[in-house]
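Work through the exercises below with the sequence and the model side by side. Try each task before reading its solution.

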Amino acid sequence: MGIERLRSCAWILCGAMVATLSGGCAGAPASPGGQEGTKAEAAENPLEVPMDAMGDAFKALRKQVGNASANASSLGLVATLRENATAARGLAPDSAEAADAAARPAFLEGFRAQIDRLLASLATLEAQLRDGKNDDAARTVEEIVGIMYRGKE
Ligand code: HEM
């Protein structure tokens with residue numbers, strides 16, 4: 001039940017991600033853990049801060065992941081993604097806050113499981129970039145798109 005609601009929420013947030021990833025996503029990347037920034041102050045939900053930062057980093061990473069000469073930079077972007085995913089894991093989406101009290105624990109569990117899938121893929125991606133396996137890394141990035149959109153395993 002909670003999981004179903006999380007899935008439909010993932011579809012809704014999809015729109016925001018597409019807009020951010022395909023449009024020119026303006027603004028300096030936000031950082032987790034407290035750089036003062038307008039995004040943090042403006043965010044209605046604290047989760048928007050790490051998600052926006054992931055949006056910026058992931059957009060850049062998708063463009064350059066196949067380019068071996070950019071691997072040092074790509075590894076930096078993966079680190080930014082991991083930091084922000086870890087920060088996001090400790091937060092709750094608005095939709096979880098809105099769920100009734102009985103449903104909330106399962107809902108949050110589903111949310112964290114999706115973040116954990118992302119973190120596992122980021123570990124794979126990091127190893128591939130370190131090994132110079134850019135074709136594999138590009139495939140992993142596309143898998144992450146799937147995790148981002150649908151929360152599938
Ligand atoms: C690389 C992977 C991901 C990227 C690039 C990404 C990016 C984004 C972006 C740009 C937003 C819009 C933030 C805003 O409203 O300003 C967003 C929202 C959101 N994302 Fe992600 N995301 C990723 C993975 C995930 C995962 C694994 C989950 C787990 C469920 C998730 C859950 C959410 C939720 C719940 C919101 C709505 C936040 C809110 O406004 O309350 N995202 N994401």
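The model is predicted: local features need pLDDT of at least 70, side-chain atom pairs count only at pLDDT 80 or more, and totals for chains, interfaces and linings use all residues. Residues are numbered from 1 along each chain as its sequence is written.

**Exercise 1.** State how many helices and strands the protein has, and what share of its residues count as buried.

Solution. Step one: take helices (H or I, at least four residues) and strands (E, at least two) as DSSP runs, numbered from the N terminus. The protein then has seven helices and zero strands. Step two: call a residue buried if 20 or more other C-beta atoms lie within 10 Å of its own, exposed if 12 or fewer, and partly exposed in between, with C-beta atoms placed from the backbone. By this count, 30% of the 153 residues are buried.

**Exercise 2.** Describe how α3 and α4 pack.

Solution. Step two: classify the angle (under 35 degrees is roughly parallel, over 145 roughly antiparallel, 65 to 115 roughly perpendicular, the rest oblique). The crossing angle therefore makes α3 roughly antiparallel to α4. Step three: list the contacts (C-beta atoms, placed from the backbone, within 7 Å). Among the residues that meet are P50, M51, M54 and L61 in α3, and L77, L81, A85 and A88 in α4. Step four: sort by class (Ala, Val, Leu, Ile, Met, Phe, Trp, Tyr, Cys and Pro nonpolar; Asp, Glu, Lys and Arg charged; the others, Gly among them, polar). The contact of α3 with α4 has 13 nonpolar, five polar and no charged residues.

**Exercise 3.** Is A88 buried or exposed, and which residues does A88 touch away from its sequence neighbours?

Solution. Step one: locate A88 in helix α4. Step three: leave aside residues within four places in sequence, and the contacts of A88 are L47, P50, M51 and I115. For A85, the corresponding list, not counting residues up to four places away, is M54, I115, L118, L119 and L122.

Methods. Two residues are in contact if their C-beta atoms, placed from the backbone, lie within 7 Å. Axes are lines fitted to C-alpha atoms, for helices over the stretch in contact, and angles run from 0 to 180 degrees between N-to-C directions.
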